Protein chains: 2
Amino acid sequence: MSLLEETINSIKGQDESWRQKAKDRLDQLTMPHWALGRLMDLAVDLAGMSRSLQPPVERKAVIVMAGDHGVVAEGVSKFPQEVTPQMVGNFVNGGAGINALARQVGAKVIVVDMGVAADISAMAKSGKIIDKKVAAATANMAEGPAMSREQAVAALEAGIEVANSMAGEIDLFGTGDMGIGNTTPSTAIVSAITGTKVADVTGRGTGLDDEQLNHKIGVIEKALQVNKPDPKDGLDILAKVGGFEIGGIAGLIMGAAANRKPILVDGFISTAGALIACSLAPSCRDYIIASHRSVEQGHRVMHSHLGCEPLLDLNLRLGEGTGGALAMNVVEAACRVLTDVATFEEAMVSAADN
Amino acid sequence: MSLLEETINSIKGQDESWRQKAKDRLDQLTMPHWALGRLMDLAVDLAGMSRSLQPPVERKAVIVMAGDHGVVAEGVSKFPQEVTPQMVGNFVNGGAGINALARQVGAKVIVVDMGVAADISAMAKSGKIIDKKVAAATANMAEGPAMSREQAVAALEAGIEVANSMAGEIDLFGTGDMGIGNTTPSTAIVSAITGTKVADVTGRGTGLDDEQLNHKIGVIEKALQVNKPDPKDGLDILAKVGGFEIGGIAGLIMGAAANRKPILVDGFISTAGALIACSLAPSCRDYIIASHRSVEQGHRVMHSHLGCEPLLDLNLRLGEGTGGALAMNVVEAACRVLTDVATFEEAMVSAADN
């Protein structure tokens, strides 16, 4: 059995009995019933994931999957492709948005080369990044499949391997992405999986004007027509209109779920990865925490399809894992509600007159 | 000149030149323009408040103002009044919701007795709380003014004194409240200041049913009819339909603003304090950060009146300063964006093709 099949088979949903134990404790805390709202909902989820009333969340990492996209030949991004390896360098040097926000919450930033269109093997050799390169950029999906089915499996398994290798030392994962042009495959994925019209889920990415936006919509429509991905087959969709870093993110989510670890899913690209993961293994959903609602308009459609309500809504549209890093604070806070607040009995406080 | 007048006169708005310096730097960061959205807006505000591109936010405190309300005689809360001093004890022992969330973000919790209807002076003598008691509970506002104008000034000045005494050691303040029945005066305040119908801003507090909610609306309407507070005079409103802890919160906000310190305003009760503070000194608004949108329906009306968009929306309705503590993480993150992210030039990353 392949690593992918083995992982899919090993994913079990949240544990209902631990969810109930958490609810029972939260019902008794010294506050009006469920007065900390979504923090308490999240605390129940964390208990169900970890099978514990002290869900571990202290050791944190954001995994930034980087890859390039052949479809940039169609002119779908304002930034040149050379920015992908430049930003990998920026991550390694600690100067990017994700480094700033990860530092605030005490999370490591781990960068994985899933398919950057430049030779950055020196950074891998010196241990600064993890080398899981499937190929140097996908093919142009407007002309044919972005990658072969074998490459799609390789991308997923790379993500699973990263999760498995870190599961012993990390309690709380965050997904991140870097790849010039990667809102384009992400939009194709959400359109393919949910059946929503491309125009209704295509956003301005890093800042397209109206004409550029219409062009991007046309490119995505063409990619879907040329490739005809099967809406029920996440592997087919990933191969035909996905990206290596999106496959890596999907694999990371599957690996986290298989290890019963919560994983904060970042923005539009990361959530495209979550759609692929949940298509292949629906129980992944139980370990996904939607961190924020991005400015990208298709993000709402993704969350609605997954049945997720994101924790934050702060007009972010950077990716890199920034929304996930920020929301790690909320996850920690939810955990504190479960572990640190006294019950009425413990604190000798009078309860409500019902 | 009284401390109150002196403080009002000393509050100056944000510094436009420092706001511009922050914008200039943020425009050059290695990311698509303004891709961290509201974190960047907030970073500009912090620079304008502190007159610095390294706004200090490390030393944090949540100030929990506690007071009781004569109007509980009308049966407006499900919890008995004895819960106020019991919860003060819970705060001091570290077992309440605010303790858990303050611990997560590394903030101190400082409890102030503004008017608790019980003798808790032993806790003040042993240094566990600050004693600023104006009186043991307000009078019943459904029958006459909640307090005298002199008591209202005393409550405001107590809050200012707390801010002034801590300004040398605290960078970032959060407001908090404890007081059984205090959604009732808070609702009267928002109705009086904004002219909104009482029924449109009255919520279920700690969990009233429909009949109890209608009764609460009637009590608040009666209090406004009996007292006829002047909508343009924050001091008159505070005296007639306010509370000692609400006055303390308003004073704390004014004191923070006078010291150019950012202050995270928590939920419904704290925002009632912000309405009073901004009525007396409109420039306070420049130092207020609205932390979250509460379940209490009148909270939206308050934010709209103040022109604030809250950072978080997580179905919280506890008060105590919990939403403010949680949002301190977002403030820290905003500061990190300004201080920790490299510019395109610093990181040698290619900019967008405009």
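Biologist: Why is Ile170(B) called buried?

Modeller: First, keep in mind that this is a predicted model. Buried means under 20% relative accessible area. Ile170(B) has a relative accessible area of 1%, so Ile170(B) is buried.

Biologist: Where does Ile170(B) lie in chain B, and what does Ile170(B) touch?

Modeller: Ile170(B) sits in the loop between α7 (149-166) and β4 (172-178) of chain B. Leaving out residues up to four places away in sequence, Ile170(B) touches Arg59(B), Lys60(B), Ala61(B) and Lys261(B). Take Lys60(B): Lys60(B) and Ile170(B) are 110 residues apart in sequence, yet 5.6 Å apart in space, C-alpha to C-alpha.

Biologist: How do you know whether the radius of gyration of chain A agrees with that of a compact globule?

Modeller: With 354 residues, a compact globule would have a radius of gyration near 20 Å. Chain A has 20 Å, so the value agrees. Buried residues also make up 64% of the residues in chain A.

Biologist: What makes a set of residues a nonpolar core, and which residues have the most contacts inside the largest one?

Modeller: The residues must be buried, of a nonpolar kind such as Leu, Ile or Met, and joined through side-chain atoms within 4.5 Å. The largest core has 263 residues, and those with the most contacts inside it include Leu39(A), Ile63(A) and Met254(B). Beyond its neighbours within four places in sequence, Met254(B) is in contact with residues including Leu4(B), Ile8(B), Leu156(B) and Cys284(B). In soluble globular proteins, nonpolar side chains tend to be buried together.

Conventions:
Residues are numbered from 1 along each chain as its sequence is written. Chains are lettered from A and ligands numbered from 1 in the order in which they are written. This is a predicted model: local features need pLDDT of at least 70, side-chain atom pairs count only at pLDDT 80 or more; totals for chains, interfaces and linings use all residues. Side-chain values use heavy atoms; hydrogens and water are left out. The radius of gyration is taken over C-alpha atoms; the globule rule is 2.2 Å times the number of residues to the power 0.38. Buried means under 20% relative accessible area, exposed over 50%, partly exposed in between (1.4 Å probe, protein chains only). Contact means heavy atoms within 4.5 Å. Helices (H or I, at least four residues) and strands (E, at least two) are DSSP runs, numbered from the N terminus.
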